[in-house]
Amino acid sequence: MSDADTMVDSRRRDTQPASSGDTAGQDRLSVRRFRRAILRFAKEHARHFPWRHSNDPYEVLIGEILLQRTRAENVVGTYSEFLKKWPTPDRLARSSPDEISACLRPLGLTKRGPMIYRLGLALDDLGRTPSAPEELLPLPCVGPYTASAVAVFAKGRNLPLVDRVIARVLRRYFGLPAVRRPDADAELIALANELVKSGRAREIWSGVLDLAASVCKSRPCCSECPLRRNCLSATT
Ligand code: SF4
């Protein structure tokens, strides 16, 4: 796997917008075409990870936190190990920062141990793991992207998701300039809203992430991309 590929999946910098924009500057036909194409791609090429088969906000939240710096394929083993040791927030609250750090060592996330421990304490205090972004945001380890991702992937909320990997795919396909950070790019955020306005956000964002990991990498493989026909940046 190349360095470029590694960059693709090291995607989870928290860059989700705090609020969405108004309307996309894209024409509706382009948006409809992208939706159709990415849903078809998602159906045919979905990657199957354990966190994708859960609608438990705690399990999805842990998955999102572990994905913040690492390729998804590398997270699977540690994710399973983590949930085996600490299947619920109260069990996590009864662990220790050092134990958590040791579990995260294969992912190079040992520094996260104390913060994830504090997350366990906070969730235990709450008595549940929330799935609404506004309730998740004040918690340790949770930034705007993670908060929205839990709502989308655990509960199927139709929210925009914009991190730097999703931004890369959308900017290429729709020909948007990368002039600012994704979370500060009103046009991109409006487009992300438009894409999920009529539902199926979970499949759409999973599909975009899978497209980014397989063909729309840092160095895109446009000749193999099923979206190339209408992509404004296709190189073939
Ligand atoms: S055609 Fe190329 S640039 Fe466009 S979405 Fe596909 S891989 Fe990305």
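Colleague: Is Cys141 buried, partly exposed or exposed?

Modeller: Cys141 is partly exposed, with 19 other C-beta atoms within 10 Å. Buried takes 20 or more other C-beta atoms within 10 Å of a residue's own, exposed takes 12 or fewer, and partly exposed is in between, with C-beta atoms placed from the backbone. This is a predicted model, where local features need pLDDT of at least 70, side-chain atom pairs count only at pLDDT 80 or more, and totals for chains, interfaces and linings use all residues. Residues are numbered from 1 along each chain as its sequence is written.

Colleague: Where is Cys141 found?

Modeller: Cys141 is in the loop between α8 (133-136) and α9 (144-155). Helices (H or I, at least four residues) and strands (E, at least two) are DSSP runs, numbered from the N terminus. Cys141 is not a glycine, yet its phi is positive, about 75 degrees.

Colleague: What about the phi of Arg200?

Modeller: Arg200 has a positive phi too, about 65 degrees, and is not a glycine. Arg200 sits in the loop between α11 (186-196) and α12. With 17 other C-beta atoms within 10 Å, Arg200 is partly exposed.

Colleague: On to α12. Why call α12 largely enclosed?

Modeller: Because ten of its 14 residues are buried, α12 is largely enclosed by the rest of the structure. Among the buried ones are Ile204, Trp205, Val208 and Leu211.

Colleague: How far apart are the end C-alpha atoms of α12?

Modeller: They are 20 Å apart, which agrees with the 20 Å that 14 residues (201-214) should span at 1.5 Å a residue. The expected span is 1.5 Å times one less than the number of residues.

Colleague: How many helices and strands does the protein have?

Modeller: Twelve helices and zero strands. Of the 236 residues, 45% are buried.

Colleague: What is the average pLDDT of the protein?

Modeller: The average is 90, and 89% of the residues score at least 70. pLDDT is the predictor's confidence in each residue, from 0 to 100.

Colleague: Where does pLDDT stay under 50?

Modeller: Over residues 1-24. Where pLDDT is low, the predicted coordinates should not be read in detail.

Note on methods. Two residues are in contact if their C-beta atoms, placed from the backbone, lie within 7 Å.
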